[in-house]
Amino acid sequence: MRTTAPRRRARRALAGAGVAVAVLAACVTGCDESGPTDAGERGAQAAPRWNTAPTSIAAVGDSITRGFDACSVLADCPEASWATGNDPLVRSLAARLLGEAQAPARSWNYAVTGSRMADLPVQLTAAAAHKPDLVTVMVGSNDACRPTASSMTPVAEFRDGFDKALKELRAASPASQVYVSSVPDLQRLWEQGKDSPMVRQIWKLGICQSMLAEPLSATAGATARREQVRARVVEYNEVLREVCGKDALCRYDGGAVFQYPFAADQLSHWDWFHPGKDGQARLAELAHRQVTAAEPPR
C-alpha cells in the first residue's frame, strides 16, 4: 500500500523532532554557539593551568620570609629571604625563577615580622596591586608561637582568615598563582637547641614560649604543652591544604617545609629558631622544585 503524502510529512516531522532532542541532549554536556562540543575537551580548555615559569613574584607572610635574624641580631634581612632575596648564598626563589638581574625589578616582599593569619589580607592586597604571576605565602608560625598554648589562634579562626584572604586576592588579581608553604615543625626546632645552655638562655628572652618555655622540662604538663602546639601546627597545615585545594591556581607544598629536617647549622646563630642563610637556601630550593613541577605534590 502506498504511503500517503500526509503520512510522509508526519514521519519527517517526527524525525526532525528526534534530531532536535539529540542536539539538546548533547548541549547539556557541552555546547557553544555553533553547536554541541566534546564536554571533556571543553572542560580541559576551560581549566586554568599552572605556569611553571612565572615572571613576577610577590611574597607575603611573617619573619621567616623577611629573613629575620638571618644576617644580624634582632633585625630583618630581606636580602636573605628565601622568596625574594638577592643574597647569592641563598639563591632565592625569585633569583632562581627570574634570574638575578631581573629579580629586583620583578619581585616584592610584603611579609612583616610577627605577622599572623589575621594580617594576611592586608599583605595580599598590597601584593595584588602588582598583578604578580606568583604569590608566595608562608604564615602560621606566629599563630602557634604565643606566650601560652592556650593563646594560640583557634583553628576555625585560622581557616576563616585564610579563606577570606585568598578570596580577596582572587578578586583583585584573578590570574595570580599562589604557592603556600606549610608551617614548620616547631617541635623539631625545639629538639635542635634544647640541650645547649647558651640556646636556652636566648630562648628565655621570649621566643615562641608556647613551645620553648622550660625547654628541658620533662614533666607531664610541659610535654603535653609541646605536643599541643605541634598538634595545632598540624591542624593549621591541614587548613592550608584544604583551602588552597579549592582554588585552581593555588598549590600547597604538601607539607614539605613541615617535614624538612632542619639541622642546627641551618638555623640563625642569634636565636637558634629562625632559618639562617643556609636554612633560607633550603626553603628556596624546596619552593623552586615545587613551583616548577608539572604536577603539585601528592
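Cys-145 and Cys-208 form a disulfide, with their sulfur atoms 2.0 Å apart; the term denotes a pair of cysteine sulfur atoms within 2.5 Å. Cys-145 lies in the loop between helix H6 (141–144) and H7, and Cys-208 in the loop between helix H9 (197–203) and helix H10 (209–212), so the pair ties together parts that are 63 residues apart in sequence. Helices (H or I, at least four residues) and strands (E, at least two) are DSSP runs, numbered from the N terminus.

This is a predicted model, in which local features need pLDDT of at least 70 and side-chain atom pairs count only at pLDDT 80 or more, while totals for chains, interfaces and linings use all residues. Residues are numbered from 1 along each chain as its sequence is written, and side-chain values use heavy atoms, leaving out hydrogens and water.

The count comes to 3 disulfides.

| Disulfide | Sulfur atoms apart |
|---|---|
| Cys-71 and Cys-77 | 1.9 Å |
| Cys-145 and Cys-208 | 2.0 Å |
| Cys-244 and Cys-250 | 2.1 Å |

Cys-71 is partly exposed at 27% relative accessible area, whereas Cys-77 is buried at 1%; buried means under 20%, exposed over 50% and partly exposed in between (1.4 Å probe, protein chains only).

An open sheet of 5 strands has the order S4-S3-S5-S6-S7, with parallel pairing; two strands pair if DSSP finds at least two bridges between them. Its edge strands are S4 (107–109) and S7 (250–252). Strand S6 (residues 177–180) is joined to S7 by 3 bridges, and Val-180 has Tyr-252 in S7 as its bridge partner.
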